[in-house]
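Here is a short report on a predicted model.

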Amino acid sequence: MSIIIQNVSKQFGNFQALHNINLEIKTGTLVALLGPSGSGKSTLLRTIAGLEAPDIGNIIINGQNTTHLDVRQRNIGFVFQHYALFKHLTVRQNIAFGLEIRKHSPVHIKHRVEELLALIQLEGLGNRYPGQLSGGQRQRVALARALAVQPEVLLLDEPFGALDAKVRQELRTWLRHLHDEVHITSVFVTHDQEEAMAVADEIVVMNQGKIEQVGTPADIYDRPATPFVMNFIGAVNVVPAHASIVAEHALETLPAHLFIRPHDIEVLPFAASGTTTAYIKRIIHLGWEVQVDLILADQHQIVAHLPREQFTQLNFKKGQQVFIKSKRGYRGDTCELLLDNRLSRKA
């Protein structure tokens with residue numbers, strides 16, 4: 001079911017939480033609302049759910065204007081960060097709760113609960129209570145409870161925020177597989193850019209109550225629309241235009257600074273065309289890649305990321321003189337992509 005958000009604004013006292021939001025979420029997609037704290041992402045999610053009423057604007061779900069509908073009339077499944085399971089009910093009873101409220105038959109409820117227990121891979125734990133489950137298992141039960149009533153839309157507010165890093169990674173992979181099975185239009189809130197990139201079909205980047213950019217993970221990363229998106233999505237060096245690594249490229253006009261991704265900096269043990277001198281300040285092993293903190297001859301500091309195999313082969317050491325060049329960068333004012341070692345303007 002598609003979701004169309006038209007000219008939605010929401011204010012709490014003097015705080016403008018949402019400012020003229022326009023967004024279309026296509027049927028069957030999994031969309032991430034991504035942004036820092038206070039960007040408006042949770043307020044937008046709650047407005048879609050009917051937990052908050054917009055000051056102006058409309059929420060249209062599957063062609064129906066639901067702006068003024070009660071939350072119970074919207075046929076939406078909502079999953080909270082801290083599960084909100086009933087502690088005194090078993091897993092089966094928690095999943096069945098919405099179906100019982102809607103007075104479905106006992107036979108239908110039993111069949112649906114068992115179907116969902118299989119879907120969330122907790123078939124043998126139906127008689128346990130939430131307190132007897134791990135955090136990841138409780139979140140799966142919360143998802144099953146939301147799906148039990150077969151909602152048109154599934155909304156998740158930072159669903160993995162209360163979990164440790166390893167369980168988060170496992171559950172976001174599981175959520176992606178679950179979505180591919182049930183094909184329900186889903187929207188989830190996160191402040192974790194890696195989570196959004198790994199799970200979502202599309203990402204909505206929000207900042208100060210406004211939408212900065214909407215696009216696929218590849219679009220958002222490779223073609224950022226604004227300096228905020230460039231800075232927020234992935235690591236980036238903000239390099240002054242007069243820094244030696246930029247000055248080597250002699251463009252006719254340059255902004256005050258450029259953005260260069262750490263993996264777009266080539267580090268060599270020898271001088272070559274277009275390189276500038278740097279010294280290794282620190283080496284940080286990050287697992288599959290190695291971070292090299294560098295100081296340029298003009299004292300500007302930048303960060304490079306090298307594949308582990310390349311770093312091992314080159315055997316760089318702290319304090320070593322190296323030679324670097326940028327493979328590409330982005331203008332700091334427009335985020336226009338600049339390509340090649342010469343940083344020539346994109347064709």
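**The helix pair**

Helix α2 spans residues 91–101, and helix α4 spans residues 135–148. The two pack at an angle of about 25 degrees. Their axes lie 7 Å apart. Angles under 35 degrees count as roughly parallel, so α2 and α4 are roughly parallel to each other. Their crossing is right-handed.

Which residues make the contact? From α2 come Val91, Asn94, Ile95 and Leu99. From α4 come Val141, Ala144, Arg145 and Ala148. By class, the contact of α2 with α4 holds 6 nonpolar residues, 1 polar and 1 charged.

**Two residues**

Buried or exposed? The table gives the relative accessibility of threonine 275 and of alanine 278.

| Residue | Relative accessibility | Class |
|---|---|---|
| Threonine 275 | 12% | buried |
| Alanine 278 | 0% | buried |

Buried means under 20% relative accessible area, so threonine 275, at 12%, counts as buried. Threonine 275 sits in the loop between β13 (265–268) and β14 (276–285). Its side chain reaches the backbone oxygen of alanine 272 at 2.7 Å.

Alanine 278 belongs to strand β14. Leaving aside residues up to four places away in sequence, what does alanine 278 touch? Its partners are Leu294, Ile295, Leu296, Gln320, Gln321, Val322 and Ile324. Isoleucine 302 is 24 residues from alanine 278 along the chain. The C-alpha atoms of alanine 278 and isoleucine 302 are 9.5 Å apart.

How values were computed. Residues are numbered from 1 along each chain as its sequence is written. This is a predicted model: local features need pLDDT of at least 70, side-chain atom pairs count only at pLDDT 80 or more; totals for chains, interfaces and linings use all residues. Side-chain values use heavy atoms; hydrogens and water are left out. Helices (H or I, at least four residues) and strands (E, at least two) are DSSP runs, numbered from the N terminus. Buried means under 20% relative accessible area, exposed over 50%, partly exposed in between (1.4 Å probe, protein chains only). A polar contact is a pair of N or O atoms within 3.5 Å; within protein, one must be able to donate a hydrogen and the other to accept it, and residues adjacent in sequence count only if both atoms are side-chain atoms. Axes are lines fitted to C-alpha atoms, for helices over the stretch in contact, and angles run from 0 to 180 degrees between N-to-C directions. Angles under 35 degrees count as roughly parallel, over 145 as roughly antiparallel, 65 to 115 as roughly perpendicular and the rest as oblique. A crossing is left-handed if the near helix is turned anticlockwise from the far one by less than a right angle, and right-handed if clockwise. Contact means heavy atoms within 4.5 Å. Ala, Val, Leu, Ile, Met, Phe, Trp, Tyr, Cys and Pro count as nonpolar, Asp, Glu, Lys and Arg as charged, and the others, Gly among them, as polar.
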